[in-house]
Structures are given as structure tokens and as C-alpha cells.
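Student: I would like to go through this model and ask what stands behind each label. Can we start with how the chain is put together?

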Amino acid sequence: MLGLIRILPKTPQDAWFWFSSLSVLSLGVSAIIGARYRTWKDVVSLLIGIVLCGKGVLECLDSGQPELLILGLLVAATVTFTRATLVSGAIFGLLPWIKLPTLFLLIPFVLAASRRFTDDEARPPMGRLKLFTSGFLLSTVFWGAAVPAMAFGPERALELAQAWFKMIDSQPSLFFSSD
């Protein structure tokens, strides 16, 4: 997606370097904002976890998979969920455009947005759900329609979207019919 909208450099080595740097930065930011580290034991356990999953992280970077970027965005959406629900929905609205199966992660967010918390909050559950859904839909339209239209022009963006939907429609049958 980043290559299509011409954010990454044209040479594969430079694009790999910048995408890997963005992914590692996303992993670092998610580790920093995702939890509170009260003691050195927490920091050591985090470092042990990073060392243990180091091979998977390197394989993810080598193959150019966006999972580390997705992890950072999910952590940011989760952290901002209680204080800025609209922003959380907007962050989450980007994820299906990076990788479509992340749309299934919408279920826990909707369930959390519609539950009533024990403490006295100023925002009722339906208000939180409306804010999250508004942010999600706004971001989905922005990343799915506005950004491609600005990058390619409206006609070419429509052609690309139709080709993408056609591929998504035909892909499962091609997948199961292969050897």
C-alpha cells in the first residue's frame, strides 16, 4: 500500500530499509505505550520476550510483512480507546486497508465499546460505540477512497478498487482449487 501511493523509495533496497525502520519504530512505540513498566523486572521480561520472538520479527522484516506496523497501530488504538474513542476508531479504520483479515479484530473493539464500565463514566456505552464507529467509518472512507483518488486520480482509483474487489471475490475459489 505504501509503495502504491509512492511514499516508499523506488529502489527495493531503500524501500525495504524504510519499511523495516517504520516497522521497528512501530514495535518500539507499541512496547513503550502498551504497558507501564513499574520495576526493572518488567523491563527485563520485555527484553526477554523480544529476544525470544527475535527470529519471527526478523522473518517478518525479511519478507516485508506489515504485522509489526499493524501491531503498533493496534496498540495505539487500544491505548486511546478509553480517552479518545473517536481517535481509536480512526486508527482502527486504517487496518483493513493494510491487511484485510484485521477486520475481524473489530469484534473485540465493538464489544468493549458497547459494555458498561463499573466506574461512573461521563460517556454511556452507546455514546462510546457511536464515537468508535464514526471514527472507524471516517477513516475507512478516507484511506479507501480519498487517498487513492488523490494518488491516482478518481478514475484510476475506481478501476483499481474494482480490480481489487474482483480479486478478493475470486481468490477463495482459486485457493481451494489449487493442488
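Tutor: This is a predicted model. In the chain, residues 24 or more positions apart account for 61% of the contacts with a separation of 6 or more.

Student: How do you know which secondary structure the chain has?

Tutor: Helices and strands are read as DSSP runs, a helix needing at least four residues and a strand at least two. On that basis the chain has eight helices and zero strands. Along the sequence the pattern is therefore α-α-α-α-α-α-α-α.

Student: Why is Phe81 called buried?

Tutor: Buried means under 20% relative accessible area. The value for Phe81 is 7%, so Phe81 is buried. Over the chain, buried residues make up 25% of the 179 residues.

Student: Where is Phe81, and what does Phe81 touch?

Tutor: Phe81 lies in the loop between α4 and α5. Not counting residues up to four places away in sequence, Phe81 touches Ser88, Phe109, Ala112, Ala113, Arg128 and Phe132. Arg128 is 47 residues from Phe81 along the chain, and their C-alpha atoms are separated by 9.1 Å.

Student: What makes a set of residues a nonpolar core?

Tutor: The members must be buried, come from a list of nonpolar residue types, and be joined through side-chain atoms within 4.5 Å. The largest nonpolar core here has 16 residues, and Leu74, Phe92, Leu95, Phe109 and Phe132 touch the most other members. At least two residues of this core come from each of α4 (67-79), α5 (85-98), α6 (106-114) and α7 (125-152). The largest share, five residues, is supplied by α4.

Student: Which residues is Leu74 in contact with, leaving aside its neighbours within four places in sequence?

Tutor: Leu74 is in contact with Phe92, Leu95, Leu105 and Phe109. They count as contacts because heavy atoms lie within 4.5 Å.

Student: What is used to describe two packed helices?

Tutor: The angle between their axes and the distance between the axes. For α1 (residues 12-33) and α3 (residues 54-63), the axes come within 9 Å and cross at roughly 145 degrees. The crossing of α1 and α3 is right-handed.

Student: Which residues make the contact of α1 with α3, and how do they divide?

Tutor: From α1 come Trp16, Ser20, Ser23, Val24 and Leu27, and from α3 come Val57, Leu61 and Asp62. They divide into five nonpolar, two polar and one charged. Asp62 is counted as charged because Asp, Glu, Lys and Arg form that class.

Definitions and conventions:
Residues are numbered from 1 along each chain as its sequence is written. This is a predicted model: local features need pLDDT of at least 70, side-chain atom pairs count only at pLDDT 80 or more; totals for chains, interfaces and linings use all residues. Side-chain values use heavy atoms; hydrogens and water are left out. Buried means under 20% relative accessible area, exposed over 50%, partly exposed in between (1.4 Å probe, protein chains only). Axes are lines fitted to C-alpha atoms, for helices over the stretch in contact, and angles run from 0 to 180 degrees between N-to-C directions. A crossing is left-handed if the near helix is turned anticlockwise from the far one by less than a right angle, and right-handed if clockwise.
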